[in-house]
Amino acid sequence: MDSQERILLKVEGLKKYFPVRRGFFQRTAAHIKAVDGVDFAIAEGKSVGLVGESGCGKSTVARVILKLLEPDAGRIVYKGRDITPLSPKEMKPLRKEMQIVFQDPFSSLNPRMTVGQSIEEGLRILGLSKNRRQGRRDELLEMVGLSAMTADRYPHEFSGGQRQRVGVARALSVESSLIICDEPISALDVSIQAQIINLLKDLQDRLDLSYLFISHDLNVVGYLSDTVAVMYLGHVVEYARADTLFEDPRHPYTRVLLSAVPSVEADLTSKIKTLKGEVPSPMDPPPGCKFQGRCPLVEPRCKQGEIDFSRVGEDHLVRCWKAT
Amino acid sequence: MEEAYAPPHKDTLLLVEDLRVHFRGHDHVARAVDGVSFDVHTGETVCLVGESGCGKTVTALAILGLVPIPPGVIASGKIRLRDTNLLTLTEEGLQDIRGNQISMVFQEPLTALNPVFTIGDQIMEAIQVHEKVSENERRRRCIGLLTDVGIPSPEARLKDYPHQLSGGQRQRVMVAMALACHPALIIADEPTTALDVTVQAQILNLMKSIQHASAMSVLYITHDLGVVSTVADRVYVMYAGLIVEQGTRDQVFQHPRHPYTRGLLASLPSRSKRGKRLYSIPGSVPNPAFKPKGCPFHPRCSAAIAECAVDFPGMCDYGHGHLSRCPPVYSRERQE
Ligand SMILES: Nc1ncnc2c1ncn2[C@@H]1O[C@H](COP(=O)(O)OP(=O)(O)OP(=O)(O)O)[C@@H](O)[C@H]1O
Ligand SMILES: Nc1ncnc2c1ncn2[C@@H]1O[C@H](COP(=O)(O)OP(=O)(O)OP(=O)(O)O)[C@@H](O)[C@H]1O
Ligand SMILES: [Mg+2]
Ligand SMILES: [Mg+2]
C-alpha cells in the first residue's frame, strides 16, 4: 500500500470460531472456523473488495469488524486506535462512523417502522430539524431509485430489490467514514446496479468515504474496489490491486473464479464450469493449503504445514507455492 | 430468422393469462401485475426477467395463492396448472399443490425459513408432506439433498438453525427444500443471487440434471442476464407489471427488439468496461400506483415518439414465437 495513504481500518490475524454444541449437555463438540486468520487494510477514501465462495466467512468478517460479534483472536485498528477490546457502550459512538448494509435486507429493517422512519433514525442522531430530516430522507430515497412517495410504506410492501435499496439509503444517511456493504446489490438488476455503483463512487469522491465491499460478483467488485482480497475457507488466499487481479490472477482459486464468471458476451452454449472435488468443511479444514482438494496443481507439499503469503509483485500477495 | 424453439414436451404445464394483481393503498391502487400472460411447458426452463419492482415476485406469489389479500386483489386473470384452475382452489387445494406439484424457492430465505426449527427438521418436513417414508430414510434423503446443494458436513449442519448459516447457505437450503418434494414445477425466485459463480454453477447444473431425469419444469425469476443466457429455453422480459418482450433465449439475446431489453443488455457490467461509468437506463421503474399513460416505458425510452405517450402498445409478432411490445420499433425495422 502507498505510504502516503492514511490507513482508516486495519485488520490483523482476525479469527472467529463458532462452537458446535451437541448432545444433552450441549458440550462443544467441534468448531466452525468461519474466519481463520484474515488481514487487510483500507486506506481513507479507498475501497477493498472481499470476494469468495458462499460460506467462506465474508459476512462474519464484517460483523466482527463492527464488533457485532466478538473476535476470538486478532486486532481491529480503526483510525489508529485498537477497537478490539472496546465494550458495546464504547463502540456506540463509532457505530455512526462505520455503517453497514446487511446482506439480508428484510431482517435488518424494523417491520413496524416505515422505511422513512428507518432512514430518519440515523438523521436524528445527527440532530437535524424535522424539515431537514425529511428533505434529506426524500433525497436519499430518490438517489437509490425509489420515489420519495414510498417513505410512508412498510418494509413488507416493497419488492426484494427495493428493500435492499432502502438498506443502502439508510447506510448513506449518516455521515460515516467507512461503509461495509455486504452484497449490497445482489438482488438488483444490472440497470439499477449501475445506478447504485455510480452513486457509491460519486459519494466516495465527494466525501472521501472508504468501503469494504463484499460481493460474490467479481465484475461488480472490479468496478468498486482499489484492492481485492480473495477469501477461501476462512482466510485470504490472494491480495492484489483490482486491475492486477483481473489481468494476472495467481492463485488457482482466483483463476477459477475469474474463468467462471457467466457473461452474456461469452459463448452462449459454453458449459458452466464447476469446481471438482470435495467442498471442504470449515469444521475440519485440511492441514496445508485449504484449496488442495479442488486444486488442479496440487502436489504433496501442499498438504502439510501452513502456507504463507509470497509476494509476487508490488502489492500482490498469494498463498500458493506455484504462484511464484 | 432462426427456427422457433421446440419445447422438449409439447404439453403446457402452466398457463398464466392476463393476470392482474393490485394492492389497495389508502388513497391509490398499486397495479403491481397488470396483464401478464405466459406459459411453461413440461421439462422447460422459462426465465422471467425485469427490473427491481416490476412485479416478478408478485406474479409468482399469485401462482401459489400467496398474495396477501387484502390489501392485494387478483383483479383478473387465469392461472392453470394442467387442467386445474388455481385461482378457484380452496386453501386446502392450494396447500396440496404447494406440497406436491409446485414448489417455490423464495427470494429472501431468511424470512421464508422458520427461525425456530432446524434446517434438518424443515427439509424432512417437506419430504414427509410429499411422501410417507421412515425417519431414517427421511434423514438419509435430507443429507443427500444438502450434499447436492454443496453444504459441507451435512450431517452436522442438519441441526443448525437458519441464523447459523451464511446467506448463500440459506439460499441453498431453500433449494434443497424445494427439491425435496419432487415437484412438477419449481418457481425459483432469484435462487442464486447470494452465490458465487462456482456454487451457482453447481446449483444450476443440479437443477438441469433433475430436469433431464424427471421432466421438471423451472420458472426462473431473475435479474441476472448471465444466468438467463446459460439456463433459459425461453425468456419473458417484464416491465412495470407487463411482459414487453418474449422469445427464445437466442432471439431475445441476439436480436432484442424492445428498447427496454436493449437497455438491459447495454447496462451489463463486464470486464471490458471496468473503471468506466456504467450505462444505466435513465430514470426508474414507475411507481405501480402512478403509471404513465400509453407505453409505461416511454418516459425512459430513447426511441419514443409522440404516440407512445398516448397509445397502449400491443404485442408485435416477429415470428417463431418472438414478440415485442413496441409498435414504433416494429414498423421502423420492417421498413428497413
Ligand atoms: N451464528 C453462527 N453460528 C454458527 N455458525 C455460523 C454462524 N454464523 C455463521 N456461521 C458459519 O460460519 C461460516 C461463514 O459464514 P459467513 O456468513 O461469514 O459466510 P459468507 O462468506 O458471508 O457466505 P455467503 O456468501 O453465503 O453469505 C459458515 O459456514 C456459516 O455456517
Ligand atoms: N404487500 C404489498 N403491498 C403493496 N405493494 C406491494 C406489496 N408487495 C409488492 N408491492 C409492490 O408491487 C411491485 C412489484 O413487486 P414485486 O415484489 O413483484 O417486484 P419484483 O419484480 O419481484 O422486484 P425485485 O426484483 O426487486 O424483487 C413493487 O412496486 C412493490 O412495491
Ligand atoms: Mg454472507
Ligand atoms: Mg422479487
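Biologist: Which residues of α4(A) meet α5(A), and which of α5(A) do they meet?

Modeller: Contact means heavy atoms within 4.5 Å. Here G116(A), I119(A), E120(A), L123(A) and R124(A) in α4(A) meet R133(A), Q134(A), R136(A), R137(A), L140(A) and L141(A) in α5(A). By kind, the residues of this contact are four nonpolar, two polar and five charged (nonpolar: Ala, Val, Leu, Ile, Met, Phe, Trp, Tyr, Cys and Pro; charged: Asp, Glu, Lys and Arg; polar: the others, Gly among them). The model is predicted: local features need pLDDT of at least 70 and side-chain atom pairs pLDDT 80 or more, totals for chains, interfaces and linings use all residues, and side-chain values use heavy atoms, without hydrogens and water. Residues are numbered from 1 along each chain as written, with chains lettered from A and ligands numbered from 1 in the order written.

Biologist: At what angle do the axes of α4(A) and α5(A) cross?

Modeller: Axes are lines fitted to C-alpha atoms, for helices over the stretch in contact, and angles run from 0 to 180 degrees between N-to-C directions. Helix α4 (residues 115-125) and helix α5 (residues 130-143), both of chain A, have axes that come within 9 Å and cross at roughly 125 degrees. That makes α4(A) oblique to α5(A) (under 35 degrees is roughly parallel, over 145 roughly antiparallel, 65 to 115 roughly perpendicular, the rest oblique). Helices (H or I, at least four residues) and strands (E, at least two) are DSSP runs, numbered from the N terminus.

Biologist: How many residues surround ligand 2, and which are the closest?

Modeller: A residue counts if one of its heavy atoms lies within 4 Å. Ligand 2 is surrounded by 19 residues, the closest being R153(A), S159(A), G161(A), S52(B) and T57(B). The site is shared between chains, because its residues come from chains A and B.

Biologist: Which polar side-chain or backbone atoms lie by an oxygen atom of ligand 2?

Modeller: A polar contact is a pair of N or O atoms within 3.5 Å. From chain A, a backbone N or O atom of G161(A) lies 2.7 Å from an oxygen atom of ligand 2. From chain B, a polar side-chain atom of T57(B) lies 2.6 Å from an oxygen atom of the ligand, and a polar backbone atom of V58(B) is 2.8 Å from one.

Biologist: What is the peptide bond between I69(B) and P70(B)?

Modeller: That bond is cis, with omega about -20 degrees. The bond from P70(B) to P71(B) is cis too, with omega near 5 degrees. P70(B) lies in the loop between α1 (56-63) and β4 (72-81) of chain B.

Notes. Polar contact = N/O pair within 3.5 Å; in protein donor to acceptor, adjacent residues only side chain to side chain.
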